Amino acid sequence: MALDQSFVGRTYPATEPYEVGREKIREFAEAVGDANPAYTDAGAAASLGHPDVIAPPTFVFAITFKAAGQVIEDPQLGLDYSRVVHGDQKFVYTRPIHAGDRLTVTSTIESIKSLAGNDVLSVRGEVHDADGAHVVTAHTTLVARAAEEA
């Protein structure tokens with residue numbers, strides 16, 4: 001069953017603040033194999049003009065995907081998450097994420113399309129810091145595969 005088009009444009013409440021820690025950044029950089037010293041050494045980050053270590057660009061996915069859970073789990077939308085695959089991801093940064101940032105995410109359904117029986121859902125996550133300044137926008141595309149014929 002196709003997802004309801006009336007959900008396009010629906011915005012969900014902002015998440016509780018997520019405090020970005022140096023150790024989380026280090027662990028993420030290590031996990032993705034990125035040895036950039038700006039991710040682990042405050043001095044190296046400061047030499048580039050940052051107030052503390054910065055996070056690798058894809059670090060924000062963990063925060064924005066969790067926020068997109070509000071969309072995914074909305075019973076009125078009716079998305080069958082057992083059939084979902086991650087279709088695409090992109091980030092548009094205003095500034096890097098720093099250790100110590102307290103970030104909130106507001107998720108909005110950008111589009112819902114039906115292609116060959118599959119539902120394609122695009123969600124925009126706007127990430128702001130504790131002062132309300134924009135940090136990054138995440139664009140996530142999810143594909144709910146069509147149910148198999150009996």
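Author: Rings of Phe, Tyr and Trp (its six-membered ring) pair if their centres lie within 6.5 Å; planes under 30 degrees apart count as stacked, over 60 as edge-to-face and the rest as tilted. On that basis, a search of the whole structure finds 2 aromatic pairs. The model is predicted, so local features need pLDDT of at least 70 and side-chain atom pairs pLDDT 80 or more, while totals for chains, interfaces and linings use all residues. Residues are numbered from 1 along each chain as its sequence is written, and side-chain values use heavy atoms, without hydrogens and water.

Reader: What makes F28 and F59 an aromatic pair, and of which kind?

Author: Their centres are 5.5 Å apart, and the limit is 6.5 Å. F28 lies in helix α1 and F59 in the loop between α2 and α3, 31 residues apart.

Reader: Why is F59 called buried?

Author: Buried means under 20% relative accessible area, exposed over 50%, partly exposed in between (1.4 Å probe, protein chains only). F59 has 5%, so F59 is buried, whereas F28, with 22%, is partly exposed.

Reader: Why are F61 and F65 called stacked?

Author: Their ring centres are 5.2 Å apart and the planes are at 25°, so the pair is stacked. Both residues lie in helix α3, 4 residues apart, about one turn of the helix.

Reader: How do you know whether S107 is buried or exposed?

Author: S107, in strand β3, has 1% relative accessibility and therefore counts as buried.

Methods. Helices (H or I, at least four residues) and strands (E, at least two) are DSSP runs, numbered from the N terminus.
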